[in-house]
Amino acid sequence: MMRELRLGTGAIVGGLLTAALTGALYLANKLLDLPLVPYDLFDWITRVMPGPMITFAIDLMIDGMRLLDISVADSAKTAEQIAAMAQFMAIGIIAGAAYFAIRSRLRLASRASGLVLGALLGLPIIAISIAIGPSTAPPTLVIIWLLALFLAWGLAAAYSYAALEPAAPPDAVSVGAETRAATAMGRRQFLVRLGAATATVTVVGAGVGQLLARSEQRRRDNEADTTMAHETQGSPRSPFPNAGDSTMPAPGTRPEYTPIKDHYKVFIRVSPTVIDGTGYVLPITGLVDNPLMLSLDDIRDNYESQSHYVTLSCISNRLGGDLISTTYWTGVSMQRILEDAQVRSNARYLYITSGDGFYETVPLDEIAADERLMLTYAWDGHPIPVDHGFPLRIWRPDRYGMKQPKWITGMELTEEYREGYWVERGWDELAQVKTVSVVDTVAVDAAYENDGQTLVPVGGIAYAGVRGISKVEVRVDGGPWMPAELRSPLSEATWVIWRYEWPFQAGRHVFQVRAAERDGAPQIEEFRENRPSGATGLHSKSASI
Ligand SMILES: Nc1nc2c(c(=O)[nH]1)N[C@H]1C(S)=C(S)[C@@H](COP(=O)(O)O)O[C@H]1N2
Ligand SMILES: [Mo]
């Protein structure tokens with residue numbers, strides 16, 4: 001009975017102290033870029049976890065969100081951040097409970113045991129944070145700061161135990177009922193005070209940290225704009241290339257051109273990687289006769305730019321999912337850059353590394369075969385947003401996102417092949433996009449009369465990388481496949497919007513869609529999971545009308 005009580009009390013104390021610790025960490029992170037330890041721990045765990053386990057965990061998360069009808073594109077990162085914080089809290093709660101339980105059994109010196117507790121918890125976490133964390137603060141400062149915090153955490157836990165521990169065993173004869181009541185009172189008061197103090201630290205840390213984070217975001221947006229001082233060419237805000245097309249998207253179809261803020265985001269860390277644009281240089285090394293160190297100005301001023309409307313899809317996008325978006329990419333063909341670097345004849349691969357520890361290999365044959373494969377520095381006519389890979393990312397036509405590093409920090413020409421980050425974790429090596437088609441909408445509200453018939457616009461997207469779409473067909477309730485109308489795409493590298501006018505019939509109906517590529521090859525109709533090569537199958541939407 002008594003031990004359970006201690007476990008519970010220890011858990012509460014551990015939780016309260018860890019909440020305060022998190023508040024302090026968050027504030028210091030926003031102030032001085034000191035490590036946000038909960039994220040580092042989470043990043044470390046996902047990195048050392050075997051590939052299938054990570055995939056399982058991600059799938060579980062995505063399934064959960066879909067079940068709750070939450071947008072995966074919007075919320076996956078938030079969910080991860082919450083999970084990272086919850087994991088850190090859980091560690092603190094367990095540590096608190098364990099400490100209280102141990103102290104109730106063994107006679108330990110209070111202060112010494114607190115310091116040991118703090119060190120046991122802190123040292124491994126500090127090591128992980130320094131090894132893989134994105135903090136830019138000097139390591140000595142990081143060590144001093146984190147060590148001080150964790151030792152303080154341990155001392156506070158030790159002090160709390162002493163304050164909450166009855167002076168004598170509660171069943172001892174010498175303790176009268178009144179004394180016991182008085183001690184209970186004192187304990188409750190102590191817990192209330194501890195709660196108030198830790199809540200204050202937590203709230204102040206989180207609040208002030210939030211304010212700092214917001215002003216930092218504004219500053220960064222401005223800076224990104226000025227590092228890329230001149231307007232990048234070919235703003236997409238001029239009319240879209242298909243502006244004159246008379247086939248309009250059915251109401252409820254996803255936007256043909258994704259607003260940047262809605263572009264899906266996927267990255268391996270809990271938070272996006274921040275790279276300073278001033279002083280940035282991209283080294284191109286390895287099997288080259290002319291190693292290059294390219295600044296952003298070099299890349300923009302010394303090479304001819306090219307721009308393409310591009311649809312990018314994540315390989316883990318489910319049928320009909322929202323991990324797929326379209327925007328306008330501007331950059332320099334990798335062919336031009338490699339010409340300058342004078343690649344040696346024995347080189348076969350371009351190995352790309354990123355600021356977040358991500359890496360991927362591009363075969364030189366692939367670069368030679370497609371001039372569009374480019375080092376990208378702008379999206380939507382502006383420097384690439386931080387979340388999407390500022391300052392540089394690669395575009396590889398026809399590949400899923402997992403093959404296309406963002407936040408590029410290095411390029412090396414090699415003879416040997418090295419597996420990329422996700423390939424190492426069991427995903428497809430080629431990762432060529434699969435042809436998919438999706439029913440976005442059955443727009444009953446937009447029904448209209450035509451020749452005495454009620455027609456309902458049905459519509460969505462079809463996508464086949466740069467292989468293009470030649471045909472989309474729809475069928476209702478398993479009936480015959482009927483041709484849909486195609487809107488001309490923004491480019492040959494984007495999805496195609498389709499539309500079908502369905503003769504209205506009351507009742508519940510299932511709408512299915514399928515597409516064929518430019519050369520007539522049909523999409524794979526057989527259902528396959530996204531792992532390892534990208535989802536296939538017929539997408540359907542049912543509607544009760
Ligand atoms: N450096 C780096 N590049 C990366 C990733 C990453 O985690 N780190 N994720 C890849 C994956 S899986 C996808 S789907 C795309 C997503 O790009 P976006 O977030 O700009 O949409 O980036 C790719 N490039
Ligand atoms: Mo992805």
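## A tour that starts at the ligand

Select Asp 356 and ligand 1: a polar side-chain atom of Asp 356 lies 2.7 Å from a nitrogen atom of the ligand. That is a polar contact, a pair of N or O atoms within 3.5 Å. Within protein, one atom must be able to donate a hydrogen and the other to accept it, and residues adjacent in sequence count only if both atoms are side-chain atoms.

Before moving on, note that this is a predicted model: local features need pLDDT of at least 70, side-chain atom pairs count only at pLDDT 80 or more, and totals for chains, interfaces and linings use all residues. Residues are numbered from 1 along each chain as its sequence is written, chains are lettered from A and ligands numbered from 1 in the order in which they are written, and side-chain values use heavy atoms, with hydrogens and water left out.

**Stop 1: around the ligand**

One of its polar side-chain atoms is 2.5 Å from an oxygen atom of ligand 1. Now show the backbone of Ile 268. A polar atom there lies 2.8 Å from an oxygen atom of ligand 1. How much of the accessible area of ligand 1 does the protein cover? It covers 99% of the 530 Å² that the ligand has on its own. These areas come from the Shrake-Rupley method with a 1.4 Å probe; for residues, only the protein chains shown count as cover.

**Stop 2: strand 10**

Select residues 408-414, which form strand 10. Helices (H or I, at least four residues) and strands (E, at least two) are DSSP runs, numbered from the N terminus. Five of the seven residues of strand 10 are buried, so the rest of the structure largely encloses it. Buried means under 20% relative accessible area, exposed over 50%, and partly exposed in between (1.4 Å probe, protein chains only).

Which strands pair with it? Strand 1 (residues 281-286) runs parallel to strand 10, joined by three bridges. Look for Ile 284 and its bridge partner, Met 411. Strand 5 (residues 349-354) pairs with strand 10 in the antiparallel sense, over six bridges. Here Leu 350 stands opposite Leu 413. Two strands pair if DSSP finds at least two bridges between them.

**Stop 3**

Strand 14 (residues 469-476) and strand 18 (residues 508-517) are joined by seven bridges. Arg 475 faces Gln 512 across this pair.

**Stop 3: two single residues**

Is Gln 335 buried or exposed? It is buried, at 18% relative accessible area. Gln 335 belongs to helix 9 (residues 334-341). A polar atom of its side chain is 3.1 Å from the backbone oxygen of Ala 368.

Then pick Gly 426, in the loop between helix 11 (421-424) and strand 11 (436-442). Gly 426 is partly exposed, at 38% relative accessibility.

**Last stop: zoom out**

Show the whole chain. It has 11 helices and 19 strands. Its C-alpha trace spans about 95 × 70 × 40 Å along the principal axes. Buried residues make up 50% of its 545 residues.
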